[in-house]
Amino acid sequence: MRIARFSAGEGVAFGVVEGGPGEEVVSAVAGHPFNQVQFTGERFPLSQVKLLAPMLPSKVVAIGRNYAEHAREMGNEVPDEPLIFLKPSTSVIGPGESIAYPTSLSHRVDHEGELAVVIGRLCRDVPVERVKDVVFGYTCANDVTARDLQKKDVQFTRAKGFDTFCPLGPWIRTDLDASDLALTTSVNGEIRQSGRTSQLIHDIPALVAHVSAVMTLIPGDVILTGTPAGVGPLEIGDEVSVGIEGIGTLTNKVVARD
């Protein structure tokens with residue numbers, strides 16, 4: 001099932017996206033889709049609605065250096081346990097929204113395409129074997145990073161935390177085995193990153209168990225699972241797309257913030 005958050009006119013709702021490419025229809029659902037989905041009877045052609053970030057998480061928990069080749073390209077060792085950092089909820093934007101390049105503060109902003117895990121239940125200290133019970137689904141993410149600030153600062157908060165630095169979308173896929181999915185990131189149609197989720201050093205169950213041992217996870221919270229090798233700079237005017245097999249493609253354009 002593909003769960004989208006969308007606006008049609010002045011209203012914002014969740015809906016189920018059905019149909020093949022070019023014929024998709026969004027069927028609105030009542031309330032929040034974490035429980036049993038109840039359709040309202042309203043249906044909209046996908047082309048006539050605006051897709052929004054599929055969730056507004058209380059927090060985005062990101063994992064660094066979780067693909068061996070990416071760790072090496074950054075000159076880092078592969079960590080023994082997941083490397084956790086946070087992105088603020090205010091960094092989240094949806095498909096088609098603009099990534100704002102903070103030109104007065106950074107001169108190197110990079111793309112990092114990633115698989116995102118969406119949590120569906122309030123949970124803490126989740127054992128690996130129970131992780132599937134707390135995962136709502138998966139979506140595409142771009143962990144946009146001010147690389148020069150990441151190297152300058154002693155932690156990642158500023159480099160990862162600018163408004164618009166966490167595009168998510170286009171929707172959440174709930175019925176998906178995410179253990180071996182192809183992931184690509186392209187800029188202006190040129191593929192920059194290509195990997196598979198089977199290459200994760202710490203897999204999804206291990207990540208959710210590790211993060212939930214540290215902090216309570218709330219329905220809608222997002223865990224970014226790490227990025228494959230091939231990260232690189234974005235320029236103003238670029239169009240960056242993150243595509244994940246079985247989910248879809250998240251596309252955003254880069255504009256000047258200042």
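This is a predicted model: local features need pLDDT of at least 70, side-chain atom pairs count only at pLDDT 80 or more; totals for chains, interfaces and linings use all residues.
Which residue in β20 is the bridge partner of Tyr101? The legends below give the answer.

Residues are numbered from 1 along each chain as its sequence is written, and side-chain values use heavy atoms, with hydrogens and water left out.

**View 1. Strands β9 and β20 pair in the parallel sense.** Strands (E, at least two residues) and helices (H or I, at least four residues) are DSSP runs, numbered from the N terminus. Two strands are said to pair if DSSP finds at least two bridges between them. Four bridges connect β9 (residues 98–101) with β20 (residues 248–256). The bridge partner of Tyr101 in β20 is Ala256, and Ala100 stands opposite Val255 in β20.

**View 2. β19 and β20 form a hairpin.** Strand β19 (residues 239–244) runs antiparallel to β20, and six bridges join them. Glu239 stands opposite Lys253 in β20. Three residues lie between β19 and β20, and in the turn Gly246 has a positive phi of about 85 degrees.

**View 3. Five strands make an open sheet with mixed pairing.** The strand order is β9-β20-β19-β15-β16. At the edges are β9 and β16 (190–196), each of which pairs on one side only. On average, neighbouring strands of this sheet are turned by 20 degrees against each other, direction ignored; the axes are lines fitted to C-alpha atoms, and angles run from 0 to 180 degrees between N-to-C directions. In a regular strand the side chains alternate between the two faces of the sheet.

**View 4. Three strands form an antiparallel open sheet.** The order is β13-β10-β18. Because β13 (145–146) and β18 (232–234) stand at the edges with a single partner strand each, one side of each is left without a neighbour in the sheet. Strand β10 (residues 109–111) is joined to β18 by three bridges. His111 has Gly232 as its bridge partner in β18.

**View 5. Helix α4 (residues 204–212) has buried residues.** Ile204, Leu207, Val208, Ala209, Val211 and Ser212 are buried, that is, under 20% relative accessible area with a 1.4 Å probe, protein chains only. The elements that cover the buried residues of α4 include β6 (60–64), β7 (83–87), β11 (113–119), β12 (135–142) and β17 (222–224).

Note on methods:
Buried means under 20% relative accessible area, exposed over 50%, partly exposed in between (1.4 Å probe, protein chains only). Contact means heavy atoms within 4.5 Å.
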